[in-house]
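Please consult the sequence and the model shown here alongside the text.

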Amino acid sequence: MAHRNSDNSASETGYWGPEKIIKAKQESLMPCSFHFYKDPPQIVSGKGAFLTDSEGKRYADFFAGVSVMNCGHCNDEINERVIEQIRTLQHTTSIYLTQPVVELAGRLAELLPGNLRRSFFCNSGSEANEGAMLLARLHTGKREFVALERSLHGRTCLSSAANGIPMWRTDPFLDDIPVHFAADAEELCRILKERGDKIAAVMGEPVQGNGGIYPLQADFFEKSAPLMREKGVLFIADEVQTGFARTGKMFAMEHYDFVPDILVGAKALGNGFPIGFFAASDEVAASLNRPSASTLGGNPVSSTAALGVLDYIRDRNLVEEAARKGKNLKTGLQEISAGYGFLGEVRGLGLMLGLPVRDGEEGDSAERTDRILEAMKDEGYLIGKNGLGRNVLAFQPPLVVEDKTIDAMLVALDRVMQMINEVNND
Ligand code: PMP
């Protein structure tokens with residue numbers, strides 16, 4: 001796995017290499033642009049569940065570009081269709097009639113839960129959440145929102161006001177936007193009882209991603225749905241990270257016996273091409289009737305990529321595969337967790353799993369998480385991390401990852417935990 005091709009050095013290949021890229025980032029990107037690892041590789045190519053760096057070292061990717069590359073890196077079946085589309089027609093904007101966007105909307109209508117059958121297309125998860133929140137305000141005529149603690153919904157105005165993770169609340173004036181935060185269904189019910197007549201929508205990720213891989217409580221909707229209905233409050237399901245087979249269902253909301261009023265998706269729908277959407281029933285969608293357009297939203301290239309993704313998920317049974325592989329990965333992670341006192345309980349659904357690293361006397365959990373990440377990278381595995389304390393290891397590989405790659409990653413992870421444990425005990 002951790003093989004290194006010494007003939008492939010940066011100077012011979014024309015790759016800049018990590019040092020020069022970091023310097024260039026520091027010179028010309030905004031200072032908010034951070035990267036993982038003390039010693040980061042320059043990634044130059046990808047195939048399936050693997051990435052390769054500028055020195056020819058191969059990594060099994062267990063983060064999938066934050067839950068984007070569900071169908072695998074550089075998927076030929078999808079990309080051939082996209083290349084054909086690029087050769088034929090790239091962009092017109094929505095004032096002209098094109099076919100891929102309506103084909104895509106029709107396919108989504110068949111796949112989305114319940115009566116969600118109308119979509120609006122844009123370019124990112126943030127933009128889609130922003131649109132969903134606008135729609136909720138238009139439909140209810142109310143201004144306020146409830147979001148959940150530890151949530152992440154985006155970088156735009158309304159969406160970032162709904163971020164429960166302090167590090168993603170960048171705008172100093174977000175308090176101007178009335179968003180209440182609830183820790184759980186009980187607190188949500190208290191807020192709804194008090195001021196439900198002012199609240200347009202509740203936002204929630206069915207499994208919180210950046211917040212540290214927390215699925216919603218099993219009885220979340222049993223407890224809160226009657227009050228949401230009574231008070232005329234919509235529920236917006238942010239499936240930007242969980243959608244498109246990631247959790248072992250096409251949409252993670254299918255794990256709960258509840259159809260959201262608005263469902264938001266992005267990331268994996270494009271498998272690397274920019275796309276976002278929000279979808280609603282005829283009744284709710286009817287409130288978004290003043291002219292609105294996203295210049296590139298629903299463009300033929302991204303829409304064709306998305307159609308390719310939906311076909312690929314269907315043809316390769318990726319929903320079932322994510323459920324099956326996720327079960328195996330979860331069992332393996334649970335076995336490792338049981339062996340080390342500094343690891344917590346594995347959380348998540350399907351191939352969206354989190355393993356918390358605890359604080360210890362010897363060191364802070366975030367620092368220890370970084371050491372695990374760095375050692376796993378050296379072993380040839382790219383693992384994610386998230387959580388409010390930056391101390392949750394995140395496992396979200398492409399859904400096409402092979403069983404033997406999962407098994408090999410678990411062996412390497414156990415080896416790394418052993419090493420961390422020994423250092424801690426020194
Ligand atoms: N919602 C969720 C649940 C996310 O995980 C993210 C990004 N990590 C976003 C929204 C924002 O998406 P984007 O970066 O495409 O704007």
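## The loop around Thr242

Thr242 is found in the loop that runs between strand 10 (234-238) and strand 11 (262-265); helices (H or I, at least four residues) and strands (E, at least two) are DSSP runs, numbered from the N terminus. The model is a predicted one, in which local features need pLDDT of at least 70 and side-chain atom pairs count only at pLDDT 80 or more, while totals for chains, interfaces and linings use all residues. Residues are numbered from 1 along each chain as its sequence is written, and side-chain values use heavy atoms, with hydrogens and water left out.

The relative accessible area of Thr242 is 1%, so this residue is buried. Buried means under 20% relative accessible area, exposed means over 50%, and partly exposed lies in between (1.4 Å probe, protein chains only). The side chains of Thr242 and Glu239 are joined by a polar contact of 2.7 Å. A polar contact is a pair of N or O atoms within 3.5 Å; within protein, one must be able to donate a hydrogen and the other to accept it, and residues adjacent in sequence count only if both atoms are side-chain atoms.

## Surroundings of the ligand

There are 13 residues around the ligand, and Gly125, Ser126, Asp238, Gln241 and Lys267 come nearest. A residue is counted as near a molecule or strand if one of its heavy atoms lies within 4 Å of it.

With Leu152, a polar backbone atom is 3.3 Å from a nitrogen atom of the ligand.

## The second largest pocket

The second largest pocket has a volume of about 630 Å³. Its lining consists of 30 residues, and Val101, Ala105, Ser119, Phe120 and Phe121 lie nearest its centre. Helix 5 (100-111), strand 4 (118-122) and strand 12 (276-280) are the elements that give two or more residues to this lining. Strand 4 gives the most, with 4 residues. By class, the lining has 16 nonpolar, 12 polar and 2 charged residues.

These terms rest on a 1 Å grid over the protein atoms alone: a cavity is a set of points where a 1.4 Å probe fits but cannot get out, a pocket is an open set with protein on both sides within 12 Å along at least five of seven lines, and lining residues have an atom within 4 Å of a point. Grid points are joined across faces, edges and corners, and a volume is the space filled by probe spheres set on the points. Ala, Val, Leu, Ile, Met, Phe, Trp, Tyr, Cys and Pro count as nonpolar, Asp, Glu, Lys and Arg as charged, and the others, Gly among them, as polar.

## Cysteines

How many disulfides does the structure hold? The number is 0, where a disulfide is a pair of cysteine sulfur atoms within 2.5 Å. The cysteine sulfur closest to that of Cys71 belongs to Cys74 and is 13 Å away, which is too far for a bond. Cys157 is likewise in no disulfide, and the nearest cysteine sulfur, that of Cys122, is 16 Å away.

Cys71 is buried, at 2% relative accessibility, whereas Cys157 is partly exposed, at 43%.

## Backbone angles and pairs apart in sequence

Val66 is not a glycine, yet its phi is positive, at about 60°. This residue belongs to helix 3 (residues 64-67) and is partly exposed, at 24% relative accessibility. Arg390, another residue other than glycine, has a positive phi near 50°. Arg390 lies in the loop between strand 15 (381-386) and strand 16 (392-395) and is partly exposed, at 23% relative accessibility.

Pro397 is in the loop between strand 16 and helix 14 (403-425) and is buried, at 0% relative accessibility. Its C-alpha atom is 14 Å from that of Leu333, a residue 64 positions away along the chain. Glu77, in helix 4 (residues 76-88), is partly exposed at 41% relative accessibility. Glu77 and Val309 are 232 residues apart in sequence, while their C-alpha atoms are 9.0 Å apart.
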